[in-house]
Amino acid sequence: MKRVLSGMQPSGRLHLGNLVGALRNWVSLQEKYECFYFVADWHALTSNYQTPSVIKEYKEDLLINWLAAGVDPEKSVVFIQSKVLEHAELHILLSMITPLGWLERVPTYKEKKEEIKDRDLDTYGFLGYPVLQAADILIYRAEYVPVGIDQVPHLEITREIARRFNFLYRKIFPEPEPLLTEFPKVPGVDGRKMSKSYGNAIYLSDSPDIVRQKIMTMMTDPARKRRYDPGNPELSPVFQLHKIFSSREEQEEVAKGCRTAGIGCIECKHVLLKNLFLMLEPIWEKRRYYSEKPELLREIAEEGSRKARLVAQETMRIVRETMGINQ
Ligand code: TRP
């Protein structure tokens, strides 16, 4: 079985966009690959070192959401980056062979520095973010990395670092490929892409009442000012959510109802809510289950980290031998 690896930063709560865009894919990959999924808590520290306590909170929430969405610790290795110290050792060795220019050119580096003004990113750790990510991936000699399109530059630099290592010493690292899957874009309640930084997200941790309130106050086609004004469903973010969460027939029904003013926006939203609740209820139930069992969560993370460590230690043995150090 080929090996898949991916991670998420515990830097915010997970929302429907993360569920549709990443988590569902992680769950289905478990059937065909040997999967390693980890909480990238050191990565979260690169941009949140001033407030490490928030990371702790999000770390647990992340694990709960993964398990609730169907990541199965019997099938996949689920672990915490900071519990596998070998990532740090490989990171420092890879940092020796990574030219500064490669890091300065990474688009996410420049963009984040432009975008984030409320936190300091002028650190060595933040510049080295992609080297740490390369270590995360290469230490498991993973072949595929399911990520969003924004992570492709990090995968490119990972391959370049692997190639440089293989060239300088000996070929031990495969060059990992991103696994990009087409996902529908999930709009937030204001119609823009769902994102924690826009304040328009529906979180997996939202209660049913909050989800209901967020949907019921959501924007629709602005042309439908009154109940009997016909609308264009394509202009309504509510309809975009129907396309993801409702059946074909229901989509056709609400679209027709919108165009002919046969149904009102409230009715249309009720259909969406019914489907959202159907999908979310089992997740909410499992979230409750795991939230009440912090020891079980800790055990799962410990056991996964132990399994990850075995692989990471073996890679580090080979790396040290290849570089001729610590012998
Ligand atoms: N940079 C990734 C993100 O922000 C998180 C991450 C860290 C990761 N290490 C990784 C993803 C290794 C895939 C593989 O989404």
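Me: How far is a nitrogen atom of the ligand from an N or O atom in the side chain of Y129?

Reply: This is a predicted model, so every value here is computed from it. A nitrogen atom of the ligand lies 2.7 Å from an N or O atom in the side chain of Y129. For Q133, a ligand nitrogen is 2.9 Å from an N or O atom in the side chain, and for Q9 an oxygen atom of the ligand is 3.2 Å from such a side-chain atom.

Me: And how much of the ligand does the protein bury?

Reply: The ligand taken alone exposes 360 Å², and the protein buries 89% of that.

Me: Which elements give two or more residues to the shell around the ligand?

Reply: Those elements are β1, residues 3–8, and α8, residues 129–138, with α8 giving the most, namely four residues. The ligand is surrounded by 14 residues, and the closest are Q9, Y129, Q133, D136 and Q151.

Me: What is the make-up of that shell by class?

Reply: By class, the shell around the ligand has seven nonpolar residues, six polar residues and one charged residue.

Me: Changing topic to H43: where does it lie, and is it buried or exposed?

Reply: H43 lies in helix α2, which covers residues 41–48, and with a relative accessible area of 2% it is buried. The side chain of H43 reaches the backbone oxygen of Y129 at 3.2 Å.

Me: What else is H43 in contact with, leaving aside its neighbours within four places in sequence?

Reply: With those neighbours left aside, H43 is in contact with Q9, Q81, Y129, L132, Q133 and D136.

Me: On to the strands. In which sense do β1 and β2 pair?

Reply: β1 and β2 pair in the parallel sense over six bridges, and within that pairing L5 stands opposite F36 in β2. β2 also pairs with β3 in the parallel sense, over four bridges, and there the bridge partner of V39 is I80 in β3.

Me: Why is β2 described as largely enclosed?

Reply: Five of the six residues of β2, residues 34–39, are buried, so the strand is largely enclosed by the rest of the structure.

Me: Which way do the residues of β3 point?

Reply: From strand β3, residues 77–80, V77 and F79 point one way and V78 and I80 the other way, and all are buried.

Me: Last topic, backbone angles: what is the phi of R141?

Reply: R141 has a positive phi of about 45 degrees although it is not a glycine. Most residues other than glycine have a negative phi. R141 lies in the loop between α8 and β4, and at 27% relative accessibility it counts as partly exposed.

Me: And what about A261, where is its place?

Reply: A261 is in the loop between α12 and α13, and its phi is positive too, about 60 degrees, although it is not a glycine. With a relative accessible area of 10%, A261 is buried.

How values were computed
Residues are numbered from 1 along each chain as its sequence is written. This is a predicted model: local features need pLDDT of at least 70, side-chain atom pairs count only at pLDDT 80 or more; totals for chains, interfaces and linings use all residues. Side-chain values use heavy atoms; hydrogens and water are left out. Buried means under 20% relative accessible area, exposed over 50%, partly exposed in between (1.4 Å probe, protein chains only). A polar contact is a pair of N or O atoms within 3.5 Å; within protein, one must be able to donate a hydrogen and the other to accept it, and residues adjacent in sequence count only if both atoms are side-chain atoms. Contact means heavy atoms within 4.5 Å. A residue is near a molecule or strand if one of its heavy atoms lies within 4 Å of it. Accessible areas come from the Shrake-Rupley method with a 1.4 Å probe; for residues, only the protein chains shown count as cover. Ala, Val, Leu, Ile, Met, Phe, Trp, Tyr, Cys and Pro count as nonpolar, Asp, Glu, Lys and Arg as charged, and the others, Gly among them, as polar. Two strands pair if DSSP finds at least two bridges between them.
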